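User: Please take a close look at a single part of this assembly, the interface between the two chains, and describe it in one connected account.

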Amino acid sequence: MRKNLPKLILLLLITTLALSSCELFWEKPIEGDVYTVTIGIDYKNNDNTNDNLAGTVTDARELFFTFDSVTSKSGRNWNGYLLVQEGDARDADTFNTSILAGSDIYPSKANLEQVLYTIKSTAKSNDLTILTYSGHGFSPTGELILAHTKTSGVISTEELKLSPTTLLTWMGEIPGKKLIILDSCYSGHFLEDSSSSLSLVYENSINDWFSQYWASEDYTIPDIFLITAAADTESWETGVAGHSHGDFTLALLKGLGWPDPHPTISNNPTSVDDLSLPRARKGSVLTVDSLYTYIKEHQINPIRSTLFWPRTRVQHPMTNGGAMDMVLFRF
Amino acid sequence: MIIALFTLFPAFSQLQGQFYSVSLTPSLYLSIPHFEDELPARTSAGFAASLDLLGYQTNRASASLGVQLGTVTPSIPFGSYRSRGFTTIGLQMKGGWNISPVFSLSSQIGTEINIYKHIEEVFASFSFQIGPQFLFMQNDDYQFFFTLPVSLHLRKEITAIQVGVGFRYQYYPNPKQGQHP
């Protein structure tokens with residue numbers, strides 16, 4: 001037996017070497033272009049002043065600029081669409097904006113669909129599309145509330161709702177990898193449970209974990225990754241440097257390289273060179289998990305409340321479960 | 001196979017009786033996906049520490065029950081994805097067969113709860129392990145083994161092969177001396 005031991009060890013080593021480190025010698029896929037759609041709505045052009053949001057438009061504008069910087073630093077081509085509704089204008093000219101990358105587009109449901117259709121017709125399978133939304137989420141089911149297009153009269157919220165199914169369908173039709181980032185109340189409803197893991201944010205037990213192991217539903221890598229500001233709770237805005245942001249987006253901006261401490265609007269960066277590499281990167285890569293973890297660690301509001309440590313304004317960011325994390329950018 | 005091993009090799013263990021043991025095993029963790037992925041296997045590093053609290057060694061064999069703690073790092077990024085790292089805690093049942101004065105085979109079955117710590121998601125799994133152990137140091141109440149365990153980590157969406165190199169310290173609180181062949 002002793003004579004065979006070296007052979008046994010050698011066999012183990014050969015097996016290990018044969019199977020390991022595919023990552024190092026497999027042909028690497030070429031990274032494609034990056035498309036970003038940043039949406040911010042302040043709801044000041046409807047009849048209701050109770051639903052005004054102060055930080056959503058600054059969220060969208062600063063994220064738009066930040067994605068330009070991140071994409072530039074990773075050496076990829078960038079196409080950015082900025083959809084903002086700002087102020088009380090509700091005339092036809094406000095609503096009928098052109099669907100052009102780089103210009104302000106009115107964030108109605110029809111315009112958003114048109115923007116995503118435009119991306120769908122040009123994106124390739126190795127491209128990355130990121131959509132961010134800062135605005136209201138409908139209570140308690142989380143539908144996004146887009147901007148209205150009525151020059152006068154009563155506005156029905158029902159017509160403005162964008163359901164998870166619809167958004168995920170529109171995004172799913174775009175070739176390539178997709179990430180949706182939602183800073184809105186109840187946005188965790190956009191996430192489906194993973195078929196291979198269960199979130200500890202929601203109530204479940206060891207029985208559920210083992211039941212899931214034996215359940216017949218197979219795991220596939222999600223076609224669309226999501227990062228949401230909240231699970232099944234509200235999300236909040238916070239003031240910084242004389243203006244407002246979604247608390248979640250403030251941490252997101254910091255993680256993506258926006259100057260820290262956060263500057264006033266008048267001191268905002270004017271060149272992508274003014275932004276640093278994303279602070280949320282791990283090593284040379286920025287992934288969904290590294291960004292998500294950074295946000296959780298840096299948002300101001302607490303992520304949970306316990307019996308012994310009760311907290312208010314709790315919002316727990318959420319992301320997809322399962323075995324795989326998506327690589328967004330390499331630097 | 002086991003009967004053949006017992007027939008071919010004289011059973012042997014110098015120390016017998018109840019034991020406690022601690023094992024530390026760094027390893028290479030190869031995730032073979034059951035789903036469509038860009039690679040046939042993704043590579044991570046793993047580290048496991050196990051503590052056997054209920055162990056008994058006879059002349060021929062040993063058996064023990066214990067707990068296992070471990071961690072697996074995220075895989076090397078490749079293409080658009082990397083596999084997530086996780087920490088694990090589990091229960092294990094271990095058996096050992098003494099083949100020569102220095103060489104024994106050990107096998108283990110276990111079940112684990114695993115946590116993707118950053119995203120706070122949990123999943124269950126099962127594992128099997130087999131591997132040679134080489135006794136390289138002992139005195140009247142302990143033994144030190146060098147181990148080469150090969151494990152299968154059975155997750156719902158991944159089967160992982162784990163090849164490790166580790167150490168095992170086995171302590172006998174009330175040792176009995178075994179028979180030399």
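**The interface between chain A and chain B**

Analyst: In this predicted model, 24 residue pairs, both at pLDDT 80 or more, are in polar contact between chain A and chain B. On chain A, the side that touches chain B draws at least two residues from each of several elements: helix 1 (5-19), helix 2 (22-25), helix 8 (206-214) and helix 10 (288-298), together with strand 8 (198-199), strand 12 (285-287) and strand 14 (324-330). By class, this side of chain A comprises 29 nonpolar, 17 polar and 11 charged residues.

As to extent, 57 residues of chain A are in contact with 50 residues of chain B. The size of an interface is often given as the accessible area lost when the parts come together. Here chain A and chain B bury about 4,600 Å² between them, and 67% of that area lies on carbon and sulfur atoms.

The two chains are also linked by three salt bridges.

Strand 8 of chain A pairs with strand 7 (residues 121-138) of chain B in the antiparallel sense, over two bridges. Within this pairing, A:Leu198 stands opposite B:Val122, a residue of strand 7 of chain B.

B:Thr147 counts as buried because its relative accessibility is 8%, against a cut-off of under 20%. Leaving aside neighbours within four places in sequence, B:Thr147 is in contact with B:Pro132, B:Gln133, B:Gly164, B:Val165, B:Gly166, B:Phe167 and B:Arg168.

Methods
Residues are numbered from 1 along each chain as its sequence is written. Chains are lettered from A and ligands numbered from 1 in the order in which they are written. This is a predicted model: local features need pLDDT of at least 70, side-chain atom pairs count only at pLDDT 80 or more; totals for chains, interfaces and linings use all residues. Side-chain values use heavy atoms; hydrogens and water are left out. Contact means heavy atoms within 4.5 Å. Buried area is the accessible area (1.4 Å probe) that two parts lose on being put together, summed over both. A salt bridge is a side-chain nitrogen of Lys or Arg within 4 Å of a carboxyl oxygen of Asp or Glu. A polar contact is a pair of N or O atoms within 3.5 Å; within protein, one must be able to donate a hydrogen and the other to accept it, and residues adjacent in sequence count only if both atoms are side-chain atoms. Helices (H or I, at least four residues) and strands (E, at least two) are DSSP runs, numbered from the N terminus. Ala, Val, Leu, Ile, Met, Phe, Trp, Tyr, Cys and Pro count as nonpolar, Asp, Glu, Lys and Arg as charged, and the others, Gly among them, as polar. Two strands pair if DSSP finds at least two bridges between them. Buried means under 20% relative accessible area, exposed over 50%, partly exposed in between (1.4 Å probe, protein chains only).
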